[in-house]
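Work through the exercises below with the structure open. Each task is followed by a solution in steps.

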Amino acid sequence: MNIDLIAALRARLGDGQVSTADAVREQHSHGEGHHAPSMPGAVVFARSTDDVAQSVALCNAHRVPLAAFGAGTSLEGHVNPPEGGISLDLSRMTDVLSVNPKDMDCRVQAGITRQLLNHTLRDTGLFFPVDPGGEATIGGMCATRASGTAAVRYGTIRENVLGLTAVLADGRVMRTGGRVRKSSTGYDLTHLLIGSEGTLGVITEVQLRLHPIPESIAAAVVQFETLSEAVATAIDILQFGVPIGRLELLDDVQMDASIRYSLLSGLRALPTLFLEFVGGPESVREQIGVVEAIVEDRGGLGFDWQTDPNQRAALWRARHHAYWACLAYRPGYSAMTTDAIVPISALGELIVGVKADIAESGLTAPIVGHVGDGNFHTIILVPPTPDGLERAWALDRKIVRRALALGGSCSGEHGVGLGKREFLTDEHDPVALDVMRVLKRTLDPNGILNPGKMLPGESR
Ligand SMILES: Cc1cc2nc3c(=O)[nH]c(=O)nc-3n(C[C@H](O)[C@H](O)[C@H](O)COP(=O)(O)OP(=O)(O)OC[C@H]3O[C@@H](n4cnc5c(N)ncnc54)[C@H](O)[C@@H]3O)c2cc1C
């Protein structure tokens with residue numbers, strides 16, 4: 001590691017914010033995926049935009065790579081630093097800088113988690129709706145263009161960011177966007193950084209849209225004999241224009257795991273939809289009426305809905321614990337999560353094909369996901385055998401290719417990192433990829449920002 005750089009970082013930020021301890025470096029050598037870890041030479045804990053600006057400027061001067069680190073929950077090797085260098089941890093930047101209830105927006109430091117933000121907002125009548133399963137930071141969510149169960153109603157992080165502050169590769173601080181709901185001026189630099197995975201700049205502050213907590217919320221569960229009926233019902237609900245709050249699919253295997261893990265009573269290990277209805281009481285009743293009729297028409301096995309907050313919370317807790325339920329289902333196995341997405345009309349064909357791929361692989365791989373967006377996860381349980389990882393990768397690749405062949409994307413929400421780079425040439429137009437490379441070289445001419453990620457064949 002570059003001793004001069006570490007000395008300079010310690011001199012600028014103080015000893016307490018720079019660590020070369022093995023345990024700290026190990027913790028920053030990987031995210032939650034299966035990609036080979038690689039140790040950073042040092043970890044810097046930033047507390048402010050100025051800390052980030054000083055760190056990035058010093059790395060640039062020393063030509064040392066730097067990878068931003070939020071909570072490390074990303075799944076495609078995003079935070080692993082293959083070339084070593086500095087891991088810049090923003091998880092201590094957790095301030096809510098302002099809340100504007102009248103305009104329904106707020107400004108936060110990038111290291112705050114959505115859970116902490118919503119806890120802080122609890123008395124305002126407002127909330128922030130983007131809810132990926134991991135306890136992620138807002139900066140990490142922006143960098144991976146994350147979404148969650150509520151995207152079908154409230155959009156992904158992309159639709160909920162009004163502006164941000166970012167540090168560029170040379171250490172300059174750039175403020176983008178503003179507090180207005182729309183603006184027709186300038187290039188959209190805010191959204192250039194959303195999904196850039198720390199390769200174009202380090203986000204330090206974010207201006208977020210907030211939403212009123214709905215007056216009325218109801219949840220429903222409906223089970224089906226077949227997966228095709230469940231998917232067809234989901235598609236009908238969307239095509240009828242029901243403004244559904246959440247629409248999640250769990251296949252028979254995921255239900256088996258979740259029933260055991262979350263002690264869900266009265267449900268069977270069958271393909272199941274979890275639904276949430278939000279709005280005024282009248283609108284919620286109307287939505288429930290339409291969905292109940294669709295369910296009946298599609299052969300759903302009953303339609304059970306409830307407004308009791310505890311029962312609702314238990315249902316959505318079970319959904320959010322789906323990943324942990326899978327790990328508990330096969331003790332000693334690890335989990336590899338795909339997030340292929342296709343146009344809604346191709347969803348049924350994709351899921352049926354993926355079920356056949358899983359059967360052929362001989363692996364256990366529950367399916368759970370945000371079918372309301374055409375996106376779902378296959379949680380491939382990786383056996384602790386010498387060939388386990390190889391078999392899981394083979395299935396993961398098959399699922400991605402199937403989605404691409406149906407006009408989809410290799411990643412609906414997890415992002416590219418190290419893991420999905422090979423698919424970018426299949427998914428994107430060559431001229432578009434060229435423009436991406438030009439942007440990267442223009443904004444980061446020394447290639448210090450999270451090198452080796454996102455663009456295929458790109459390194460320093
Ligand atoms: C159990 C589980 C469930 C999940 N469910 C979902 C889901 O439903 N939807 C979903 O979208 N994702 C999901 N994920 C993936 C993960 O939570 C998201 O990718 C999340 O957005 C990552 O945030 P993070 O703070 O952990 O970022 P990290 O993992 O720390 O970093 C991710 C990437 O962003 C960059 N980065 C981090 N902070 C910044 C910053 N401030 N500025 C610039 N770049 C930065 C990093 O360099 C890296 O490239 C899940 C993960 C797990 C483990």
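**Exercise 1.** Sort the residues that line the second largest cavity of this predicted model into nonpolar, polar and charged.

Solution. Start with the lining itself: Pro65, Leu66, Ala67, Pro81, Pro82, Glu83, Gly84, Asn450 and Pro451 surround the second largest cavity. Next, sort them. Six of these residues are nonpolar, two are polar and one is charged. Gly counts as polar in this scheme.

**Exercise 2.** How many cavities of 30 Å³ or more does a search of the whole structure find, and how much space lies in the largest cavity?

Solution. The search gives two cavities at that cut-off. In the largest cavity there is about 70 Å³ of space.

**Exercise 3.** Describe the lining of the largest cavity, and find which elements give two or more residues to this lining.

Solution. First, list the residues: Glu32, Gly33, His34, His35, Leu75, Glu76, Ala335, Met336, Thr337, Trp393 and Asp396 line the largest cavity. Second, look for the elements. Those that supply two or more residues are β16 (334–337) and α14 (388–405). Of the lining, β16 provides the largest share, three residues. Third, sort by type: four residues are nonpolar, four are polar and three are charged.

**Exercise 4.** Between which domains does the largest cavity lie, and why?

Solution. Residues of the lining come from both domain 1 (3–89) and domain 4 (325–405), so the largest cavity lies between these domains.

Methods. Residues numbered from 1 in each chain as written. Predicted model: local features only at pLDDT ≥ 70, side-chain atom pairs only at ≥ 80, totals over all residues. Heavy atoms only, no water. 1 Å grid on protein atoms, 1.4 Å probe; cavity = no way out; pocket = protein on both sides within 12 Å on 5 of 7 lines; lining within 4 Å. Points joined across faces, edges and corners; volume = space filled by probe spheres on them. Helix = DSSP H or I, 4+ residues; strand = E, 2+ residues; numbered from the N terminus. Domains from an automatic or database assignment.
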